[in-house]
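Dear colleague,

I am passing on the structure below, which you have not worked with before. My notes on its salt bridges and its ligand follow it.

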Amino acid sequence: MTDTLPAAAARARAIADRVEAFVRTVVAPFERDPRCGAHGPADTLVAELRALAKAAGVLTPHILADGSHLSHREVAVVLRAAGLSPLGPIAVNVAAPDEGNMYLLGKVATEAQKARFLAPLVAGRARSAFFMTEPAADGGAGSDPSMLQTQAIRDGNGWRIDGRKAFITGAQGAAVGIVMAKAPEGASLFLVDLPDPAIRIERVLDTIDSSMPGGHAVVAIDGLRVTADQMLGEPGDGYALAQVRLAPARLTHCMRWLGGCTRAHEIAVDYANRRMAFGKPLIDHEGVGFMLAENLIDLKQAELMIDWCADILDTGALGTAESSMAKVAVSEALMRIADRCVQVMGGTGVSGDTIVEQIFREVRAFRIYDGPTEVHKWSLAKKIKRDWKAAGAQG
Ligand SMILES: Cc1cc2nc3c(=O)[nH]c(=O)nc-3n(C[C@H](O)[C@H](O)[C@H](O)COP(=O)(O)OP(=O)(O)OC[C@H]3O[C@@H](n4cnc5c(N)ncnc54)[C@H](O)[C@@H]3O)c2cc1C
């Protein structure tokens, strides 16, 4: 079968097949492990899963032994397989925010920065966090990143950073941080070793989702000192560098949660075929059968949208508009799928007896992070207006 595929597709399929087998047989049984807490899996569980992934040869599967990165289209196949369990991405080291942070550092960090900050992430020895959002109560950056308040001022040979951040995934327990702060030249990114006494976790928020280790923290940054060589790129490059990470990171969320919803659909299908009501299996009731049919259609459309956008990123384009379109289409489709899975399964669907309930919660949060649906639509509307003007306002 793989003989007839182009070489890259065959390579990705082979990696994805190994990841899928690992996630289904080795990782999935850990979904009931008591170390899966409200603030994500405990780091002892992460370490145990990663040791198993390493032994199975599937740790960090999207980065090859020579340091090269799979294409976006190849990553799509592999991350869908990893996402088949909510624990899969963290087990094989393709989870957010590490995967996006590795991608960014691989693209723009200096060799010294890669050795210090990227190597432990690729090896799966460390976790990382991306510090951009700030508390709404402070009037800080959220949907609008230009509201950035965290300040970076020159301090001798380096910088001093002060501010507060919110929703910082994995900050609790991370070893590497990428902090966005406003220098006189504009938003800039700084690499930091964690923990640091100047970066204090105020609290870990109680959020609807629970798949990401460390949860999502509110963080105070008070007199953080970094040397000049800890800046990523140049002063004022922050938003441009964040763009490098943005579109691929949006798309990899789509890939992982497509895997999650594929599994939720499988569980709902199994339930609908076994469970009887009014003298026949649920699936033979048209209302249920149609819900599952609509799932199939949404799953395929999500897959095609991801592959389309991945192909665009593989041309080297930033894919800003295309990744916005993909993020909206996929996250909204996945929400419909997760909701139908819950409904098909009745009371069991809202219980913790299967991962369907968790997938529903995770996908709900996904409609907000990496750009809420409305913000993507709003930026697309602005582009439509720009394009209309550029075309000479004809029509
Ligand atoms: C689970 C989770 C994990 C996260 N992880 C991280 C992380 O690791 N690092 C990080 O820096 N941030 C992270 N975030 C923050 C995330 O990026 C922000 O929540 C998101 O950008 C929205 O910002 P906000 O919450 O301040 O919402 P607000 O900016 O207050 O917006 C609220 C709502 O207003 C609407 N809205 C806003 N602008 C427009 C517009 N132009 N047109 C129409 N409607 C609009 C949208 O519906 C939006 O949901 C995470 C968030 C969540 C929920």
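Glutamate 357 forms a salt bridge with arginine 361, their closest N and O atoms being 2.7 Å apart, where a salt bridge means a side-chain nitrogen of Lys or Arg within 4 Å of a carboxyl oxygen of Asp or Glu. Both residues lie in helix H11 (residues 356–366), four residues apart, about one turn of the helix; helices are DSSP runs of H or I with at least four residues, strands are E runs of at least two, and both are numbered from the N terminus.

Please keep in mind that this is a predicted model, in which local features need pLDDT of at least 70 and side-chain atom pairs count only at pLDDT 80 or more, while totals for chains, interfaces and linings use all residues. Residues are numbered from 1 along each chain as its sequence is written, and side-chain values use heavy atoms, leaving out hydrogens and water.

The structure holds 29 salt bridges, and one of them joins the side chains of aspartate 98 and arginine 50 (4.0 Å, N to O). Aspartate 98 lies in helix H5 (residues 98–108) and arginine 50 in helix H2 (residues 43–55), so the pair ties together parts that are 48 residues apart in sequence.

As for the ligand, an oxygen atom of it is 2.7 Å from an N or O atom in the side chain of glutamate 374, and a backbone N or O atom of phenylalanine 130 lies 2.8 Å from a ligand nitrogen.

Conventions: Polar contact = N/O pair within 3.5 Å; in protein donor to acceptor, adjacent residues only side chain to side chain.
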